[in-house]
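Me: I have a model open and would like to talk through how its chains are put together. Could you take me through it?

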Amino acid sequence: MIPLQNFLVLSALLFGIGFYGVLARRSAILILISVEIMLAAVAINFIAFATYRDPKAFSGLVFALFVIAVAAAEVGLALGIVLRLFRERRTANVDEASSLKW
Amino acid sequence: MLTLFLLLPVTGAVLSLFLPEEKQHDAKWIALVFSGAAFAVSVVVFALFNASVPGYQFVNTFEWIAASDAGFRIRYTVGVDGLSAPLVLLLGLLSVVSVLVSWRIEVKAKQYFAWLLFMETAVAGVFLSLDLIQFFLFWELELLPMFMLISQWGSGRRLYSATKFLIYTLAGSAFMLVGFLVLGATAGTFDIAELTAKPVTQAVVPLTFVFWAIMLAFLVKLPTFPVHTWLPDAHTDAPTAVSVMLAGVLLKMGGYGIIRIALPLLPQQAHDSRLILASLAGFSVLWGAVITLRQTDLKRLVAYSSVSHMGYVLLGVSAMGSLGLSGAAMQMFTHGTITGLLFVVVGLIYDRTHTREISQMSGLMHRMPVVGTVFVIAGLASLGLPGMSGFVAEMTTFLGSLDAHPVATAAGIFGVVLSAGYILWTVQRVLHGPATDRWKELTDATSWWEVTAMASLVFVILAVGIYPALLTTAVQAGIAPIAQIMEGVS
Amino acid sequence: MSVLATALYLGPAALLYLGAGVVLLADLIHGRRAVTGLLTLVTLALAAVWAVLQIGGGAQGPILGGAIVVDSFSLYFTFLLTAVTAAVVVGTSEWAAKVEDRGEFYSLLLVSVGSMVLLVQSNDLITLFVALETTSLAQFILAGITRNERSSEAGLKYLLSGAVAAAVLLYGFAFLFGMAGTTSLPGIAEFVRHAGDGLRLPLILAFVFVAAGVGFKMAIFPFHAWVPDVYQGAPTPVGSYLSVASKAAGFAVVLRLFYTGLGGAGTPITHDWAMLFGVFAAASMLFGNVGALVQTNVKRILGYSSIAQAGNIAVGIAAVAAQGTVGPSGVLFFLGTYAATNLGAFLAVNAVSERLGSDEITSYAGLFKRAPMTAVVLSLCLASLTGLPPTAGFIAKVYIFNSAIQTGEVWLVGLVAIAVVNTAISAFYYLRWVRTMILDDPEDATPIETPGGAQGVLLLASAAVLFFGLWPAPLILLAQQAAAALLPA
């Protein structure tokens, strides 16, 4: 059986990559994808812990399902707003969306 | 009774705010009635005050916030003892005087008198509170009216001065709150009487920090060198009435706080700091006097002389004996009347000449004999002429501090010499000398409000000077228990 | 537990969700009529009354297998949140009448409040997360509700930062779950209390992620970057809703997570997270106040000021006493008074901003002459934000600082010292604004009419600010009761 640590390292790496993406990317779409990577890392963590720590209870697996569902909702909403902004401004870059100063 | 004294001015303030716009000049009548009523109450309190009964009198109290399981049990408690009774009287008197000298305020009169009355309530609360949190509440309450009064009805760089006042006071009082909370958390009560009876000896932070955290607020307010710089600006730019209140009662909040709270609640730490306090006092007296000597602005001159004279209060305190503390308490009262009167006179002169430059004035005695005479009286009282109230207070202070701090006392006495110098010099330059044509048109102060304002203060100054027992009986009764605590530590 | 009892306990939240649906339907049927606003108000009022009845009736306890708990803590917040939202609805009805998607606005508002009510009742990581996300999603849309660039941009920025925060929070949750083997908060607390020193480091790692995730909702430094932008870009009614309701819910979650979930005082990691929140508090106050000093746009000032205020409130979280819940009771009391204060300030700004034509502080000159009541209320609220007596803000600050010092920890005395210095700094920009309004002369002296609904709410808010400044005892007792529910009896 693959040790738990491997999963944790994988998830940490994914989380790190996602977080880097959030900081480094300028396009709203790419930031969203990075957030999705972070959420995937979280889901891996939950599933791994659920399998290794309490194989009989399902709360970890349930949590993972909720994470996926919420992630989907978030993307749907974000794309909607980006589309509207894009229609108004012809850009999906967060940088150029700067009528408000950061 | 004391609650009535607290509530009267603020009621007047609210009433005058509700005046219709076209009647807004009636605000001064409302202010006069309510501050006059408060003054009457303060006279009654002072007259009925029994100096032979120990402890606080006229106490009103009720449970305000009873959240004892969070260590937040606050009682609303007001009361007077021999220390606060004269100050309450002084506050009542000066409030009436400051309303009188504002008689000609035209701009936004409603708001002006409302803020003035509001300030009276706040200051009264400071003198009457017997609970630390309540004390702090009133201490902070006084900021907003003061800020508004200076920044709107002042002159010169009024916004700058008002802001400077605000920041100095807030920064000082901020640490005071920390000190109070530490004391309260350690003793389990915020009641001043209980804390005095059983001083805290051990807390989470060294008590020396607590002492200085609390002292800082009082030293700023007093004000003491080197945190005095807000005072001359505030005074110079404030309207006359506000200067009167500022010099007359607001500065006393600092001295009162030291004697009422800092010393008896932390006697050991106060005792250990007495040398520092004495040095600060000496510096304040000398520095204030020297700076005063080179002022060319009449109002600024009086303001700096306040720094010097309030140094005597600290000097008396730093002796930490019965005599010194009594002297300090008396000096607070007398300085309030004398400097209040000086500011009234300076204000009257400025109203007429529209300048405060001493070099511009000459021979004013010829033009306005009444104002001139009062100026001379106030000046002589200020330099401590026997027969006037200033003399009694200063002598007591020096007698009290001579043994403990000979050097600082010497500095203090030299300060008196200097003050004789600047006052006589000023009187000579402003009042005497040739009567120039420039001031030919000046009229004397003859309106009833001006005369009443001056006469009442002159009367008090002379009365206390000739018959000091009026004041000393009460003061000594108030000081005795505190002096007993201070003499108990070594 | 019978189905009926469960329904009784879930009442307020269920009612709010139901109301959201009804409002949408009403909007479809009636088109753009005022009925949606009225329906929203009725729903909120019913939910608030329900909460009050529950507080009085003592219908309290865990339900749904412990996933939800109805106790005096959750009821305190249920009432606070519904009342605040009702005030926002009344105070901004004039603005809402001009919004194109009015039905959606009210419906989303109700969804968001309903989820917040669930959020403060959550006793399990899963419920908590789902409720948190539901309310957040609704808020993201609310921030972008008006059809203009700035609003959309505010919505997008809010969403992106919110999504990142959610991911960070979940990462921390995953570790908590991994170590404790359960998602139930009391279960985790049980585990943390008995955790050996070997588990201290992983636990610290987990709670740092959790704190960062919820820090976003509380709007404390360094998770504040979205605040000024969203407050400025989003419509003011939404800004006021976010600054009060969302922040209150954020603090409620933190208290639940760290007291019920991480065991409060006396665990191996108590000191660590208390310190963490102490640092957050100090940093928020400094950053918020210094940031506000240089702003000239009133909405941005309010944004930065809310970061600074979050720092003040966080002092209460850092104040973990060995016994009891003095610190949390301070947080609850502060949030109660802050709700009235900040709502008053935001709604006053909202009431006049359109007619002033600009949000620059200079355009507020002489507001006292043009809209006397609004100016007085705004001044009162600003004095309360500064913490000047006789307003509720003064008592709230003294109380929360007192709770920190009561713990008897030296570093908390230091934290309070930083806090009081910050109070002095904040006076500078709050009172400058007050002075501009009250004393300066307006360039254009035409009177400004404040809409009736807003007037009512403003009067109510200022009455609350004054009342709790002069007579705070009842609210303090309520807050203490509510906070006591955080720990097992």
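**Core and contacts**

Reply: This is a predicted model, and its largest nonpolar core has 436 residues, with C:Val315 and C:Val416 as those that have the most contacts inside it.

Me: Which helix gives the most to this core?
Reply: That is helix α7 of chain C, residues 149-180, which gives 20 residues to the core.

Me: And what is C:Val315 in contact with, leaving aside its neighbours within four places in sequence?
Reply: With those neighbours set aside, C:Val315 is in contact with C:Ala281, C:Ile400, C:Phe401, C:Ala404, C:Leu415, C:Val416 and C:Ala419.

Me: Switching to chain B, how many residues of chain C are in contact with it?
Reply: There are 35 residues of chain C in contact with 30 residues of chain B. On the chain C side, α14 (326-356), α17 (392-406), α18 (410-439) and α20 (473-484) each supply at least two residues, and α18(C) gives the most, with 13 residues.

Me: What classes do the residues on that side of chain C divide into?
Reply: The side of chain C that touches chain B divides into 25 nonpolar, 8 polar and 2 charged residues.

Me: Back inside chain C, how do α11 and α14 cross?
Reply: The axes of α11(C), residues 236-261, and α14(C) come within 8 Å and cross at roughly 170°. Because that angle is over 145 degrees, α11(C) is roughly antiparallel to α14(C).

Me: Which residues make that contact?
Reply: From α11(C) they include C:Ser243, C:Val244, C:Ala248, C:Phe251 and C:Leu255, and from α14(C) they include C:Leu335, C:Ala339, C:Leu343, C:Phe346 and C:Leu347. By class, the residues of this contact divide into 14 nonpolar, 7 polar and no charged.

Me: Now chain A, how many residues does its contact with chain C take?
Reply: The contact takes 34 residues from chain A and 31 residues from chain C. The elements that give two or more residues to the chain A side are α1, α2 (28-53) and α3 of chain A, with the largest share, 17 residues, coming from α3(A). That side of chain A has 24 nonpolar, 4 polar and 6 charged residues.

Technical notes:
Residues are numbered from 1 along each chain as its sequence is written. Chains are lettered from A and ligands numbered from 1 in the order in which they are written. This is a predicted model: local features need pLDDT of at least 70, side-chain atom pairs count only at pLDDT 80 or more; totals for chains, interfaces and linings use all residues. Two residues are in contact if their C-beta atoms, placed from the backbone, lie within 7 Å. Helices (H or I, at least four residues) and strands (E, at least two) are DSSP runs, numbered from the N terminus. Ala, Val, Leu, Ile, Met, Phe, Trp, Tyr, Cys and Pro count as nonpolar, Asp, Glu, Lys and Arg as charged, and the others, Gly among them, as polar. Axes are lines fitted to C-alpha atoms, for helices over the stretch in contact, and angles run from 0 to 180 degrees between N-to-C directions. Angles under 35 degrees count as roughly parallel, over 145 as roughly antiparallel, 65 to 115 as roughly perpendicular and the rest as oblique. A nonpolar core is a set of buried Ala, Val, Leu, Ile, Met, Phe, Trp, Tyr and Cys residues joined through C-beta atoms within 7 Å. A residue is buried if 20 or more other C-beta atoms lie within 10 Å of its own, exposed if 12 or fewer, and partly exposed in between; C-beta atoms are placed from the backbone.
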